[in-house]
Amino acid sequence: MPTVSMTVNGKPVSGEVEARTLLVQFLRDQLRLTGTHVGCDTSQCGACVVHVDGESAKSCTMLALQVDGAAITTIEGLANGETLHPMQEAFRNNHGLQCGFCTPGMVMSAIDLVKKNPKASETEIREWLEGNICRCTGYHNIVKSIQEAAGNMGG
Amino acid sequence: MPDGVTGTGIGAAVKRVEDQRFLTGRGNYTDDINRPGQTYAYVLRSPHAHATIKSIDTAAASEASGVVAVFTGADMEVGGLPCGWLIHNEDGSPMHEPPHPPLAVGKVRHVGDQVAVVIAESLAEAKNAAELIKVDYGVLPAVIDMKTAEAGGTLVHDDIGTNKCYDWGIGDKDAVDAALAASAHVTEIDIVNNRLIPNAMEPRAAVADFNGANSEYTLYTTSQNPHVIRLLMGAFVLSLPEHKLRVIAPDVGGGFGSKIFLYAEETIITWASARIGRPIKWTADRSEAFITDAHGRDHVTHAKLGIDDNGKFTALKVETYANMGAYLSTFASSVPTYLYATLLAGVYTTPVIYANVKAIFTNTVPVDAYRGAGRPEAAYLLERIVDRAARETGVDQLEIRRHNMIQPDAFPYQTPVALAYDSGNYQATLDSALSLGDVSGYPARKAGSATKGLKRGIGYSTYIEACGIAPSAVAGALGARAGLYESAEVRVHPTGSVTVFTGSHSHGQGHETTFAQIVSDQLGIAMENIEINHGDTGNVQFGMGTYGSRSLAVGGSALVKATGKIIAKASKIAAHIMEASADDIEFKDGNFTVAGTDKSMAFGEIALAAYVPHNFPHDELEPGLDETAFYDPANFTFPGGTHICEVEVDPATGVVKVDNFTAVDDIGRVINPMIVEGQVHGGVAQGIGQALLEGCSYDSDGQLLTGSYMDYTMPRADNLPNFKVATQSTLCTHNVLGVKGVGEVGAIGSPPAVINAIVDALSDFGVKDISMPATSAKVWQAIQDARG
Amino acid sequence: MHDFNYQKAGSVADAVSALNAADDGTVMAGGMTLLPTLKQRLAAPSDVIDLAGVSGLSGISVSGGVTIGAMTTHAAVSGSTDVKGTIPALADLAEGIGDPQVRNRGTIGGSVANNDPAADYPAACLALGATIKTDRREIAADDFFNGLFETALAEDEIITSVSFPSAEKAAYMKFPNPASRYALVGVFVAKTAAGVRVAVTGAGDSGVFRASSLEQALSSNFSASALDGITVSADDLMSDIHASAEYRAHLITTMAKRAVTAAG
């Protein structure tokens, strides 16, 4: 079986995978990083979003072998101990999550947005979230969370 | 809601306890769980909506790489999945309950029906092997449309000789017919309440683990009510005693009703785990979820509303066809009857009401409760027909509602369809919504839209719903096969910290926070000293779980009852230690004081004493501080409110944009306003989704055309506006917290407001109706048709 | 997903020989269409040959028009000042493809080679008169798109870049499918030295096509009002649960008008 190596949340990891192994499967099944979720099979819900070399990507729609050598950040890699990343903190502060299932992907996507567009308007935030589906919140408080985090991330 | 409530007590916007784990990727959802030696199940499903199974050849699959076992319906000699509510026909005979085998026997009845299960060392191997199973189907015509099904011909279940599950009625038909005949005006309407697919973001999953050493089964499953699953699966399907079956619903990623029911897959792998002696995991793909999760709504209705010369409603007559799908799901039968027709009075004084409901089997996925369950269908029907009546009689939309509303001093109010409303003030919520939604500024906004070439409309919905599902005695008399109480155990530890075991279940609602707030408030101890434990039949006493917005009204009441027992017991202990009469002990702010003295003991001191009972008179005072309560509600609770929606319609494309949505809901006392607002936001989003975006579609062969997010339109962030949300509280009169329930109000109140707004916007074109979902294609077509 | 051999090509030539050596090989660009297809077991290639490691396949250059390397992501196109400065409509189009995560991975070469009837890039190619460059030849857009998911590409032929000539005026207007967010109707209008071209995606029974009635009307008068009363026949348009052929026909004219207005 092919071997894949990458950096995940700052730590070098490697493992044997089948060619068909998706990045999300490698993260969840082999590394037991189960914070990254799978909510659909058509690459639309965004529960699986992680950062690949700093850019948000859907880990359900890439092979583990495709990211050989890359730096991956997952939801588990954001907080510093018990101190949350400003985006995580803003979601907590604004009730930007309910069941929590879409939340990891939502947070990872939102961080990429604020990095690229620190002063995103409400409309721009809503448009950016096209690839992240939430069934619980109606998005109202997610948008509010991202707006607050953008301010706290120096946007 | 109470302004300026600080701290962690009732009314405070406490940040959620559960968020730390969810935000850091440390939630524990079913698919995150792995057991040593675990295998993987893949279910082979019917590609046909209706077919006989002539033969199944599993030989090649059984020999395939990594395969542990292959089972079909012939192997699984167990009971069928049961239905929890017996409905009687108008003639008094019971409804038809055709068998629902977990793995199909002899016939498949919808696309997605379970045909075989393959268990293998890996999921990929299970899927590969499933491709080797040869099923010889005798394809039969499918029956999809309810009225075609009613006529007979093709039968979903041959043995019952009909596709009609039941033909049920409520109310006085003769009185309604007479009143309609005598009415000055009768408004008629045809309503389709569109079939929805629930789509909790976490697909269903289960891990079954049989321990041969003690013959115990453990099932981890995505459930809203693990005890109900244990009871139904154990007692009715697999014949397992409850002490040998532990069901755990860990973190659950949304439910919205779809995770109430006992499903085939969790049943199959629990059974199979004992056959193979190893743990089995099954996780649905989203595509599987679309064809196996119970769908929601799907009513077709004709209704007539009589109005007298004074503009008062005289009578309402409703005839509804309700789709059951191919099998009766767990609570399917109760949804279009006791959760629907009993709500047809709404907030109005209509003196006589009659409803007939025909439940129909079709070759589609079973239909059951989905957020609101019956009540959205009732609210939609009523608020659409009232809107139309206003247009037909030339009465203002607000005036027709106010004129017919139950007055604030008329409570308790007995409706003609069984329910007795305990409290409410519909005029106040309406007034509040008019103000919050800045309705006085609407004409200016309409003019502003017109300058952009857009048609603006405004729509109202003054709705009511019923939560808490009912005293067990009443539900039982109406055919419920379960009690509808809830339980709580409050276990005080020797150092004064508390673990609560609740029969309610949280799958996003935040019970770990709100229930801790209640205990903190009742016992005067800090929230960080309270742990809320739920979802595990291995350590929680029997409970009924979470659905129907019942957690706070029923589960919260049980919790208060249990804390009351704790206080009573602790008072006895305090009396003993401080050498006073228990009647003289006062409990306030976490301290037990002997009235009129300065003798006082803190809650923690009493807790310690309870477990170090060195001098207790043991014949009068038991050691320990641990109390359980079961609470059976005295009545439903009746949340209600006003939703106002403004839309902008682009007549060139038919695109509808929701612009300015206001919801003022009377949910009784608010425990945590932050969480309450979140619940309303989510419910409204689902309601707007139903009104504008979501619609399940089958072709005439029974193939699901909306089988993924490529074709089923989920509301996304850019489909929705920010919402204006407020609460207006009249207290529930029959539970100690005064709470009514908030989980479903958003999804119940909003769809008619949206559709009424679109009809208003298009009234210039002569459009009188638009069906849900009001997609741009449909709106554009309606404009073309009206223009002729 | 069935398993396969995964190969990382070092060069285009490597990729072509790997394709030829494989029983049933396929190339992968961003994988945004291929991987979902494999996950659903709708295809089972023996070999997946990843172009991500091939140097020289991504990047944007400007000379007269814009040349975009096949492996350039949609995000790179939408964010490119070169594209925005030369053919802003192309950057706008790229900004509207999929969602941000798809735009971070999906590529122009993959999109054009796949020729999904609801994809956006084919409309730009056809309206702007692009040239699709492959490992062995150059193909005019007019000759490239051959119906649903069909192109002029040979089995082992690999797109290396797409060149778009500048336009005097151009704009793309997309009416998305409410569920998938692919184009229900997408209209790209371009006023170029070679005349006015209007390409429509999402609507045609046989994929992307040019709307001649709209082109004629706009040729003499490139303004939205020139399209008043001009209709597109619904005869060869798709009809599905999201939109009737008649609605699509109407939207083509409406989106064309809006595109012309946006083009300025």
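Trainee: Which domains does chain A have?
Mentor: Domain 1 covers 3-77 and domain 2 covers 86-152 in chain A, with bounds from an automatic or database domain assignment. Before we go on: this is a predicted model, where local features need pLDDT of at least 70, side-chain atom pairs count only at pLDDT 80 or more, and totals for chains, interfaces and linings use all residues. Residues are numbered from 1 along each chain as its sequence is written, chains are lettered from A and ligands numbered from 1 in the order in which they are written, and side-chain values use heavy atoms, with hydrogens and water left out.

Trainee: How many residues does each domain of chain A put into the contact?
Mentor: Domain 1 of chain A gives 18 residues and domain 2 of chain A gives 18 residues, contact being heavy atoms within 4.5 Å. The domain centres, over C-alpha atoms, sit 21 Å apart.

Trainee: And what area is buried between domain 1 and domain 2 of chain A?
Mentor: About 1200 Å², with carbon and sulfur atoms giving 57% of that. Buried area here is the accessible area (1.4 Å probe) that two parts lose on being put together, summed over both. On the domain 1 side, H37(A), H51(A) and I75(A) lose the most, together 37% of what that side buries.

Trainee: How many salt bridges are there between those two domains of chain A?
Mentor: One, where a salt bridge is a side-chain nitrogen of Lys or Arg within 4 Å of a carboxyl oxygen of Asp or Glu. K116(A) and E55(A) form a salt bridge, with their closest N and O atoms 2.4 Å apart.

Trainee: OK, switching to chain C. How many residues of chain A and chain C are in contact?
Mentor: 27 from chain A and 26 from chain C. About 2200 Å² is buried between chain A and chain C, and carbon and sulfur atoms give 53% of it.

Trainee: How many salt bridges does the rule find across the interface of chain A and chain C?
Mentor: Two. D99(C) and K58(A) meet in a salt bridge, 2.6 Å from N to O.

Trainee: What's the class make-up of chain A's side there?
Mentor: Nine nonpolar, nine polar and nine charged residues. Ala, Val, Leu, Ile, Met, Phe, Trp, Tyr, Cys and Pro count as nonpolar, Asp, Glu, Lys and Arg as charged, and the others, Gly among them, as polar.
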